[in-house]
Amino acid sequence: MNSIIPTQNIEIDYNELVQSDRAHTSLYKDAQIFDDEMEKIFYKTWVWVAHASEIPDVGSYKTMNIGKQPVIAVRDRKKKVHVLLNRCRHRAATVCEHKKGKTNSFVCPYHGWSYALDGSLRGVPSPESYGECLDKSEFPLISLRIEEYNGMIFASFNHEIEPLEDFLGAAKKWIDLFMKQGAGYPIKVLGEHRFTFPGNWKIQLENTTDAYHFPLVHKSFLSSVDEQTEELFNFENQPGYVEDLGNGHSVMVMIPELVDLDEELMQRPIQERFEELAQALRDEGHEELEVRRIVRAVGGSGFNLNLFPNIACSMAFFRVMQPIAVDKTEIHHSVITMDGGPQIANQYRLRLHEHFQGPFGFGTPDDAEAWERVQHGASAGNDLWIMLNRGLTGEVKTEDGLKSDVSAETGMRAAYQQWKKLMMS
Amino acid sequence: MKIDLNLLNEVTAFIWAEADMLDHSEHETWIKLWNEKGVYIIPIDPSLTDYENNLNYAYDDHHMRQLRVERLKNGEAISTAPKANTVRSVSRIRILKDDNDEIILRCAQNLREFRKENLKHYTADVIFHLQRDVEQGFKINRKIINLVNSTDTLAGISYIL
């Protein structure tokens, strides 16, 4: 009789779990995989933390999590951005519990250790008890590596990571195009809708380049807009596409004529739904070209750019993703306005955002319902797969990667291949 | 402080009826309670009261109210099927202002929602701006729903608060 005790294989074979046209159901529900994702993705790659306009001034800060770790993004006295672990170096209490604000320093409420905006430890109360045994220079708030591209601020726990621009690669030109919706004004994030859904974060990641769900899940939204807008959102009837941009990033072009918002401003007619706004802008004394640029920008870009792992430039807003647990995810939809732009145009953008986004919107609750059902359904069939093969037949090579029709799952395949690469490294 | 009990009774009867209509999906009648220029607002940050120039959860004018009612009615939205059952209690009503044009009152609303397997609870401070109306007593000029947890992350809500 064989006396060798069988050992359970605790290593997960990620190569097996993600294939070229499918991903295994366990990716949605295995808590060990989730813990691994925190280590190998969220603590290794570039993670988006803020748009520059969210921390505009000296002392402006914003708090969030990277993976499961609380951090603070803050602008110091020299206007340099820092991303700091929100943890006092003494006995670990968070030094800030507000979502955003402005401050001169971060003071731990427990014993009063105080830190400058760049994270350096400035002072500790009653230092005499430490005598010679505390060197303040050894205990700053821990600083992450940060880089910024066109207002998008990313941070990484990994100080050896490649430069941000290399990581973004072909996605950079799409970021540049997206920023055109400032219509010549700087882009400003003016609040966000936060909501959670009981499902894995990758369900949402997939959704950003999923045109296939739009006519079905968002039927009630489409019924609530005018005919011309409904036609514009009929992506299947336009020569749109999804393109894999490398490093897990992808773009879905739904409305090709709205890729470059500056194109043919005077040649194309203003959409009916914006006529009233256009007239109001003319009445305010804006030149016709300016009116058209602003009105075009108000409607947003005709594409969704999905940047792996946690940020999307999605038509007219930023979608920020925060994994909470294997079956719980938090999403922020940040509204974008024109800083210093006409008030009526910004109001229009705010109202458009409220129409679709957030827990009371005409779009988000239906998305959340569909994602919740994915998580629920994934409880069945432990050996089944999430199929990602749509659009494989028509997929062609491009300068930046691969491309297929607008409702292809090319973007999802791109994300899962990057996922696999990081999980296996 | 002298409380005008007659007025308090009148407005209470009106907003209780409004609450009952919403809990029992009598949306067409509910819309008629509104002044056409009235706005229904669910703010995110209670300290930002310039609602027009800030982001809200909802900022519904007459057109958006009609669309919202239509969305609840037509069954096209998967978040509304199955429908959420709601029961709300409105209480702690205080009249903040009463002049000839407008009555402003504040009240507490506790709402329980049940949908699929989940029982949820939403508590809010609600502010009504009411205009006297010959036919139905009052018309709503403005309704502002300040959820106590408005700055938290919420889940989808596919009914009218």
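How many bridges join strand β9 of chain A to β10(A)? Keep that in mind as you click around this predicted model.

Start by selecting residues 114–115 of chain A, which form β9. Two bridges link this strand to β10(A), and the pair runs antiparallel. Now widen the view to the open sheet of three strands, ordered β8-β9-β10 in chain A, with antiparallel pairing. β8 (106–107) and β10 (121–123) of chain A are the edge strands, each with a single partner strand, so one side of each has no neighbour in the sheet.

Next, go inside. Select A:Val49, A:Val71, A:Ala73, A:Met252 and A:Leu305, the residues with the most contacts inside the largest nonpolar core, which has 129 residues.

Zoom in on A:Met252. Leaving aside neighbours within four places in sequence, its contacts include A:Thr209, A:Phe303 and A:Gly411. Then look for a second, separate core of 14 residues, with A:Ala183, A:Phe274, A:Leu281 and A:Val298 among them.

Last stop: show both chains. Here 29 residues of chain A are in contact with 23 residues of chain B. On the chain A side, elements giving two or more residues include β13 (187–197), α12 (343–356) and α13 (364–377). Colour that side by residue type and you get twelve nonpolar, ten polar and seven charged residues.

Key
Residues numbered from 1 in each chain as written. Chains lettered and ligands numbered in written order. Predicted model: local features only at pLDDT ≥ 70, side-chain atom pairs only at ≥ 80, totals over all residues. Contact = placed C-beta atoms within 7 Å. Helix = DSSP H or I, 4+ residues; strand = E, 2+ residues; numbered from the N terminus. Nonpolar A, V, L, I, M, F, W, Y, C, P; charged D, E, K, R; others polar. Core = buried A, V, L, I, M, F, W, Y, C linked by C-beta atoms within 7 Å. Buried ≥ 20, exposed ≤ 12 C-beta atoms within 10 Å, placed from the backbone. Pairing = 2+ DSSP bridges.
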